[in-house]
Amino acid sequence: MAYKKTTTTTHKIKIKKGDLVKVIAGNSKGVQGKVLQVLVDANRAVVEGANIIKKHTKPSAANPNGGIIEKEAAIHISNLAFIDPKTGAPTRVGRKVNEDGKIVRVAKKSGEEIK
């Protein structure tokens with residue numbers, strides 16, 4: 001029996017590595033941090049200091065004692081809000097064509113171009 005392959009809709013992820021974001025939902029609500037990694041396929045991002053989990057590790061060359069380490073786990077993109085560089089408030093991200101003809105990211109609240 002052949003199964004129909006389901007396709008997932010892909011959306012433009014407007015948050016990039018290095019952006020300052022605020023967690024707006026979940027256990028880490030209110031935490032601000034820098035995006036360390038964006039997982040495009042899973043629509044998730046790893047944020048510095050947010051969604052901390054405890055991971056049991058075996059002894060290895062990098063960690064000779066092993067034990068329990070704390071690390072950041074991925075958070076869904078919908079639970080993150082970009083921090084406006086001008087005002088410091090959470091904002092949405094838009095796209096606009098600048099004078100040079102390049103598409104740039106823009107903060108919706110202030111209209112400021114995101115570097």
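**View 1. Ile15 lies in the segment before strand E1.** Helices (H or I, at least four residues) and strands (E, at least two) are DSSP runs, numbered from the N terminus. This is a predicted model, in which local features need pLDDT of at least 70 and side-chain atom pairs count only at pLDDT 80 or more, while totals for chains, interfaces and linings use all residues. Residues are numbered from 1 along each chain as its sequence is written, and side-chain values use heavy atoms, with hydrogens and water left out. Ile15 counts as buried because its relative accessible area is 7%; buried means under 20%, exposed over 50%, and partly exposed in between, for a 1.4 Å probe and protein chains only. When neighbours within four places in sequence are set aside, Ile15 is in contact with Val21, Val35, Val38, Leu80 and Arg105, contact meaning heavy atoms within 4.5 Å. Ile15 and Ile77 are 62 residues apart along the chain, yet their C-alpha atoms are separated by 7.8 Å.

**View 2. The largest nonpolar core holds 11 residues.** A nonpolar core is a set of buried Ala, Val, Leu, Ile, Met, Phe, Trp, Tyr and Cys residues joined through side-chain atoms within 4.5 Å. Its members are Ile13, Ile15, Val21, Val23, Val35, Ala45, Val47, Ala50, Ile75, Ile77 and Leu80, and the elements that give two or more residues to this core are E1 and E3. In soluble globular proteins, nonpolar side chains tend to be buried together. One member, Val21, is in contact with Ile15, Val31, Gln32, Gly33, Val35, Val47, Leu80, Ala81, Phe82 and Ile83, leaving aside its neighbours within four places in sequence.

**View 3. Six strands form an open sheet with antiparallel pairing.** Strands of a sheet pair through backbone hydrogen bonds, either parallel or antiparallel, and two strands are taken to pair here if DSSP finds at least two bridges between them. The order across the sheet is E6-E3-E2-E1-E7-E8, with E6 (74-76) and E8 (90-91) as the edge strands, each of which pairs on one side only. Three bridges join E1 (residues 20-23) to E2 (residues 32-39) in the antiparallel sense, and Leu20 stands opposite Lys34 in E2.

View 4. Asn27 and Ala50 are 23 residues apart in sequence, and 8.7 Å separates them in space, C-alpha to C-alpha.

**View 5. A second hairpin is formed by E9 and E10.** E9 (residues 93-97) and E10 (residues 103-107) pair in the antiparallel sense over five bridges, with Arg95 standing opposite Arg105 in E10. Five residues lie between the two strands, and Gly101 in the turn has a positive phi of about 85°.

**View 6. The largest pocket has 15 lining residues.** A pocket is an open set of points on a 1 Å grid over the protein atoms alone, where a 1.4 Å probe fits and protein lies on both sides within 12 Å along at least five of seven lines; lining residues have an atom within 4 Å of a point. The space in this pocket is about 270 Å³, a volume being the space filled by probe spheres set on the points, which are joined across faces, edges and corners. Lys12, Lys14, Ile15, Ile77 and Leu80 lie nearest its centre, and strand E7 (residues 80-83) gives the most to the lining, with three residues.

**View 7. Residues 14-41 carry a UniProt feature.** The unreviewed UniProt entry places "domain: KOW" at these positions; UniProt positions are given in the numbering used here, with shortened feature names, and annotations may be inferred rather than shown by experiment. Over residues 14-41 the chain is 0% helix and 43% strand, with the end C-alpha atoms 14 Å apart.
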